[in-house]
Amino acid sequence: MEDANIRTAMEAEKEFVKDPLYITAYEQHQKYLRDKYARESFLRKEGEAIGFKKGEAKALKEFISALLASGMTEEDAAGILKKSVEEIRLALK
């Protein structure tokens, strides 16, 4: 960058900081950007958690189905997975 460009930017900054309206607008914009980032991060984490739970439930259902298809009873599958028979039935729905 040329010295003239730097000088121009510094002059613009001096004018900017003189006006409280500009400072307030800048601070509000910064707050908006922080809030937007926080909201997006929260939603991303929540989405990952929901996706993980759905994937876990799907894998459990497939595993239980495979156990039952091999001739195992619901009681035996419950014993292996350390779950109740009711939990096994719910997982299959």
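Predicted model: local features only at pLDDT ≥ 70, side-chain atom pairs only at ≥ 80, totals over all residues.
Q: What caps the N-terminal end of α2?
A: D19 does. A side-chain oxygen of D19 lies 3.0 Å from the backbone nitrogen of L21.

Q: What about just after α2, which residue takes a positive phi?
A: G71, with a phi of about 105°.

Q: Which residues of α2 are buried?
A: The buried residues are S41, I64 and L67.

Q: What covers them?
A: The cover includes α3 and α4.

Q: OK, new topic. At what angle do α3 and α4 pack?
A: At about 100°. Their axes are 8 Å apart. Helix α3 covers residues 74–81, and helix α4 covers residues 85–92.

Q: Why give both an angle and a distance?
A: Because two packed helices are described by the angle between their axes and the distance between the axes.

Q: So is α3 roughly parallel or roughly perpendicular to α4?
A: Roughly perpendicular. Angles of 65 to 115 degrees count as that.

Q: Which residues make the contact?
A: From α3, they are E74, E75, A77, A78 and L81. From α4, they are V85, I88 and R89.

Q: How many of those are nonpolar, and how many charged?
A: The contact of α3 with α4 has 5 nonpolar and 3 charged residues. It has no polar ones.

Q: Let's look at L81. Where is it found?
A: L81 is in helix α3.

Q: What is L81 in contact with, leaving aside its neighbours within four places in sequence?
A: L81 is in contact with L60, F63, I64, L67 and I88. I64 and L67 are also buried residues of α2.

Q: And how are L81 and M10 separated?
A: Their C-alpha atoms are separated by 68 Å. Along the chain, L81 and M10 are 71 residues apart.

Q: Last one, K82. Where is its place?
A: K82 is in the loop between α3 and α4.

Q: Is K82 buried or exposed?
A: Exposed, with a relative accessible area of 76%.

Q: What is phi of K82?
A: Near 55°, a positive value in a residue other than glycine. Most residues other than glycine have a negative phi.

Key:
Residues numbered from 1 in each chain as written. Heavy atoms only, no water. Axes fitted to C-alpha atoms, helices over the stretch in contact; angles between N-to-C directions. Helix = DSSP H or I, 4+ residues; strand = E, 2+ residues; numbered from the N terminus. Parallel < 35°, antiparallel > 145°, perpendicular 65-115°, else oblique. Contact = heavy atoms within 4.5 Å. Nonpolar A, V, L, I, M, F, W, Y, C, P; charged D, E, K, R; others polar. Buried < 20%, exposed > 50% of the residue type's maximum accessible area, 1.4 Å probe, protein only. Polar contact = N/O pair within 3.5 Å; in protein donor to acceptor, adjacent residues only side chain to side chain.
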